[in-house]
Amino acid sequence: METVFSGIQPTGELHLGNYLGAVRSWVEMQDQYRCFFCIVDLHAITQAYEPAEMPRRIREMALDLVACGLDPARCTLFVQSSVPEHTELAWALASVTPFGELGRMTQFKDRSERQPDNVNAGVFAYPVLQAADVLLYSATRVPVGEDQRQHLELAREIVRKWNARFGPTFEEPQALFSSTPKILGLDGQAKMSKSLGNTIGLREADPAVWEKLRTAATDPARVRRTDPGDPDVCNIFTLHRFFSSAERQAEVRVGCTTAGIGCIDCKKWLFEGLKSDLARIRARREELAARPEVIDEILAEGAARARLVARETMAKVRARLGLAT
């Protein structure tokens with residue numbers, strides 16, 4: 001069975017973009033791959049944050065992930081900083097990572113422009129730690145979106161340079177591209193992001209969810225109620241694909257293209273399915289929150305399993321480097 005690694009930053013709460021873009025796919029992967037899913041708190045510290053809030057953010061993320069369907073009996077769920085081998089391997093990999101390649105990373109350039117007061121070395125070396133995350137568990141498959149393709153290609157180059165210098169140690173990881181369509185934010189302009197304020201949180205109350213949906217952007221061609229639209233350019237219809245039956249989707253398509261229904265009707269139908277799915281996740285989360293020791297045990301056991309693999313990898317790495325093992 002092939003091994004998959006993927007991580008998510010502890011933002012404190014999952015939103016629909018996280019859920020549809022990554023976590024739903026992770027849930028499906030649990031029976032197809034040997035899965036390591038990581039809350040990457042070490043990546044998160046490259047941005048401005050309140051240290052006192054980090055433990056809560058990690059716990060909230062773990063609760064959300066398990067409530068969405070990650071099963072500790074079928075995957076390894078853990079916190080990145082609980083496995084110090086991540087940073088040890090990142091330092092070793094940095095010795096073969098081309099400086100110029102890091103400078104060409106699109107995400108580094110974007111963050112440097114958006115956060116000019118926080119262009120730190122951690123942001124610059126972020127992709128090296130990402131490569132270490134993957135290689136530490138000999139992951140052969142990495143779920144990636146288009147925005148992470150460049151980082152995965154760098155990880156593959158790092159493997160080639162490492163193996164050429166120190167001998168065969170790592171296998172080049174392959175991309176596991178998602179079939180999930182791009183999930184835009186409620187503004188219809190950009191990817192869902194808390195910083196842009198265009199998200200729906202999984203824990204938001206139904207009235208708040210509806211208020212956000214009610215005002216969400218739709219097909220710009222539908223200026224008036226009588227204007228026909230194109231569901232394929234409407235982000236609301238993209239969400240219908242996840243939360244509405246095939247019959248409902250067909251009904252929406254016909255109604256939209258013929259102006260038989262208005263955008264509010266379309267959103268009400270979406271809300272029906274979305275409300276049901278979110279209610280299921282919230283109920284599971286409430287059960288877990290009532291027994292905090294369960295999440296503690298899941299993360300502790302996950303870290304223990306992850307460290308067993310990580311230690312084996314680092315023993316090989318140290319031997320290749322001629323360091324004490």
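These questions and answers walk through salt bridges in a predicted model.

Visitor: How many salt bridges does the count come to?
Guide: Side chains of opposite charge can pair when their charged atoms come close. The rule asks for a Lys or Arg side-chain nitrogen within 4 Å of an Asp or Glu carboxyl oxygen. By this rule, the count is 27 salt bridges.

Visitor: How far apart in sequence are the parts that D296 and R59 tie together?
Guide: D296 and R59 form a salt bridge, with their closest N and O atoms 2.1 Å apart. D296 lies in helix α14, residues 292-321, and R59 lies in helix α3, residues 54-68. So the pair ties together parts whose separation in sequence is 237 residues.

Visitor: Which helix holds both E211 and R214?
Guide: The side chains of E211 and R214 meet in a salt bridge at 2.6 Å, N to O. The two are three residues apart, about one helical turn. Their helix spans residues 206-214 and is α10.

Visitor: Is D227 buried or exposed?
Guide: D227 forms a salt bridge with R224, and their closest N and O atoms are 3.3 Å apart. R224 has 53% relative accessibility and counts as exposed. Buried means under 20%. At 12% relative accessibility, D227 counts as buried.

Visitor: Which residues do salt bridges with shared partners join into one network?
Guide: Here the salt bridges share partners.

Definitions and conventions
Residues are numbered from 1 along each chain as its sequence is written. This is a predicted model: local features need pLDDT of at least 70, side-chain atom pairs count only at pLDDT 80 or more; totals for chains, interfaces and linings use all residues. Side-chain values use heavy atoms; hydrogens and water are left out. Helices (H or I, at least four residues) and strands (E, at least two) are DSSP runs, numbered from the N terminus. Buried means under 20% relative accessible area, exposed over 50%, partly exposed in between (1.4 Å probe, protein chains only).
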